[in-house]
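Dear colleague,

Please find below the structure that I am handing over to you, together with its sequence. My notes on what was found in it come after.

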Amino acid sequence: MSGFFGDNRFKFGVFGINCSGGMTPSVAPDRWKADWSEIVAVAKLADEAGIEFLLPIAKWHGLGGKANMWGHSFETFSQAAALGALTKKTGVFVTAHVSLITPAFAAKAISTIDHVTGGRAGLNIVCGWNPDEFGPHGIRLTGERRYDRGLEWFRIYEKLLAGGPEFDHKGEFFEVWGASTEPLPVQKRPPVMSAAQSGEGQIFAARAADILFTGMHSHEQVADTFANINARAAQFGRKQDLYVETQFVVRPTRKEAEEYAHYYATEMADPDAIDYFRRQKAVTISQSTKTGDTAADRAVAATLAGAAPRRYPGMFPAMYPIVGTPDDAVAELQRLANIGVAGSTLVFLNYLKELPYFVQEVFPRLERAGLRSKPPA
Ligand SMILES: Cc1cc2nc3c(=O)[nH]c(=O)nc-3n(C[C@H](O)[C@H](O)[C@H](O)COP(=O)(O)O)c2cc1C
């Protein structure tokens with residue numbers, strides 16, 4: 001374990017509240033609108049409940065379809081500073097696309113947010129997958145060598161945050177000169193997350209990140225990813241936590257939960273959004289996905305080919321649905337913890353309506369199961 005975010009055996013990050021639709025491609029009227037006042041309300045609820053962090057999505061283009069999910073989104077660095085000032089304990093992540101944000105900008109912005117929050121900033125590094133998001137910036141994104149560029153970016157960022165005199169760097173993808181930053185962050189090293197899935201992405205994460213936050217297609221795939229990252233991180237003399245994507249529909253009875261999930265993620269699914277996602281993702285897939293190197297690569301390839309069976313077409317292919325009673329949710333999270341997973345995303349159709357019940361019913365059960373402890377008053 002990397003030791004970030006305290007001692008809970010199973011940790012949570014609220015994922016996607018800065019974007020319309022959150023993480024759910026559904027046209028259900030209750031879908032997340034990402035109104036600022038509601039974002040703040042969810043951030044405060046999360047903070048009081050002892051949820052470890054808020055993880056935004058860096059988005060520059062919607063997914064089309066009927067709802068144009070993600071078409072309305074708040075920028076993640078400025079949002080983290082604002083939410084950090086409005087909360088007391090929860091971690092606030094930013095998400096940086098390495099082709100859009102320079103390492104020097106990221107280092108200074110992370111340090112700013114870390115000072116605003118007294119040491120609660122974290123960096124999620126993403127290498128991009130949708131070329132349409134880069135057009136507004138005048139950049140043509142290709143899939144080739146995304147993670148090599150990411151690693152070079154990270155080495156400059158890391159060197160800046162180590163402090164010390166100005167330095168120059170001339171590499172394959174970046175040339176900078178006279179680089180240094182001040183002030184350094186409050187934390188010695190704000191946590192670094194990589195949101196990769198492919199085998200190439202897993203190697204990048206093992207070299208650079210404290211956390212691999214990845215998609216979950218099945219228990220088998222997650223067990224394979226866990227084994228890979230441990231072996232790879234050890235190879236580079238590092239340690240890493242594994243977090244996965246989970247989406248919750250929790251109700252007092254299994255029937256109610258299943259009916260609600262069926263309603264919003266099957267009947268009200270926005271299939272054009274997922275088709276667009278598939279088409280765009282296919283343009284930039286890693287070489288390892290083409291050759292099927294890891295279980296995650298094979299799962300992504302099957303998803304893109306439309307070959308993977310989808311129980312809930314109104315949820316993302318790599319988002320693992322946990323649908324049932326509070327006890328069902330705890331049993332599922334226990335299973336993930338047993339595989340070695342350190343935590344997962346809290347994703348709901350409507351965060352403000354569903355998070356309070358989750359905190360009220362699932363958290364005490366997780367405490368009894370030894371997976372979490374009560375947050376200090
Ligand atoms: C938890 C999580 C957060 C992510 N956040 C973003 C994001 O904010 N912006 C983005 O463009 N991609 C994001 N992604 C997509 C990843 O960067 C990556 O493209 C995806 O996981 C597929 O992995 P691969 O590129 O190695 O195939 C996220 C993925 C995960 C699992």
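The notes below go through helices, a hairpin, salt bridges, backbone features and a surface patch.

Please keep in mind throughout that this is a predicted model.

Helix H3 runs over residues 103-117, which makes 15 residues. From its first C-alpha to its last, H3 reaches 21 Å, close to the 21 Å expected at 1.5 Å a residue. The buried residues of H3 are Pro 103, Ala 106, Ala 107, Ala 109, Ile 110, Ser 111, Ile 113, Asp 114 and Thr 117. Their cover includes helix H2 (76-86), strand E3 (91-97), strand E4 (121-126) and helix H4. Gly 118 follows H3 and has a positive phi, near 65°.

Helix H8, residues 271-283, has 13 residues. Its reach from first to last C-alpha is 19 Å, close to the 18 Å expected at 1.5 Å a residue. Buried in H8 are Ala 273, Ile 274, Tyr 276, Phe 277, Arg 278, Gln 280 and Lys 281. The buried residues of H8 pack against helix H10 (295-304).

**A glycine in helix H4**

Gly 150 belongs to helix H4, which covers residues 146-161. Gly 150 counts as buried because its relative accessibility is 0%, and the limit for buried is under 20%. Leaving aside residues up to four places away in sequence, Gly 150 touches Val 98, Cys 127 and Phe 204. The C-alpha atom of Gly 150 is separated by 9.8 Å from that of Ala 205, although the two residues are 55 residues apart along the chain.

**A hairpin**

Strands E5 (residues 167-170) and E6 (residues 175-179) pair in the antiparallel sense, over three bridges. Four residues lie between E5 and E6 in the hairpin that they form. Phe 167 has Ala 179 in E6 as its bridge partner.

**Salt bridges**

Arg 372 forms a salt bridge with Glu 52, with 3.1 Å between the closest N and O atoms. Arg 372 lies in the segment after helix H12 (351-368) and Glu 52 in the loop between H1 and strand E2 (53-55), so this pair ties together parts that are 320 residues apart in sequence. Arg 372 is buried, with a relative accessible area of 6%, and Glu 52 likewise counts as buried at 6% relative accessibility.

Arg 145 forms a salt bridge with Glu 172, the closest N and O atoms being 2.4 Å apart. Since Arg 145 is in the loop between E4 and H4 and Glu 172 is in the loop between E5 and E6, the pair ties together parts 27 residues apart in sequence. Arg 145 counts as partly exposed at 38% relative accessibility, whereas Glu 172 is exposed, with a relative accessible area of 54%.

Asp 210 forms a salt bridge with Arg 189, and the closest N and O atoms are 3.2 Å apart. Asp 210 lies in the loop between helix H5 (199-208) and strand E8 (211-214), and Arg 189 in the loop between E6 and strand E7 (192-194), so the pair ties together parts that are 21 residues apart in sequence. Asp 210 counts as buried at 7% relative accessibility, while Arg 189 is partly exposed, with a relative accessible area of 28%. Asp 210 and Arg 189 are also linked with Arg 155, Glu 158 and Arg 238 in a network of salt bridges.

**Backbone features**

Most residues other than glycine have a negative phi, and most peptide bonds are trans. The following places may therefore be of interest when you look through the model.

- Ala 34 has a positive phi, near 55°. Ala 34 is in the loop between strand E1 (11-15) and H1, and counts as buried at 0% relative accessibility.
- Arg 145, in the loop between E4 and H4, has a positive phi, near 60°.
- The peptide bond from Glu 182 to Pro 183 is cis, with omega near 0°. Pro 183 is in the loop between E6 and E7.

**A nonpolar surface patch**

Which residues form a nonpolar patch on the surface? Trp 36, Phe 74 and Leu 86 do, with about 250 Å² of accessible area together. Trp 36 lies in helix H1 (residues 36-48) and counts as partly exposed at 33% relative accessibility.

With kind regards

Technical notes: Residues numbered from 1 in each chain as written. Predicted model: local features only at pLDDT ≥ 70, side-chain atom pairs only at ≥ 80, totals over all residues. Heavy atoms only, no water. Patch = residues over 30% accessible without salt bridge, like charges linked within 9 Å, V, L, I, M, F, W, Y side chains within 5 Å. Areas by Shrake-Rupley, 256 points an atom, 1.4 Å probe, with all protein chains shown as cover. Salt bridge = Lys/Arg side-chain N within 4 Å of Asp/Glu carboxyl O. Helix = DSSP H or I, 4+ residues; strand = E, 2+ residues; numbered from the N terminus. Buried < 20%, exposed > 50% of the residue type's maximum accessible area, 1.4 Å probe, protein only. Expected span 1.5 Å × (residues − 1). Contact = heavy atoms within 4.5 Å. Pairing = 2+ DSSP bridges.
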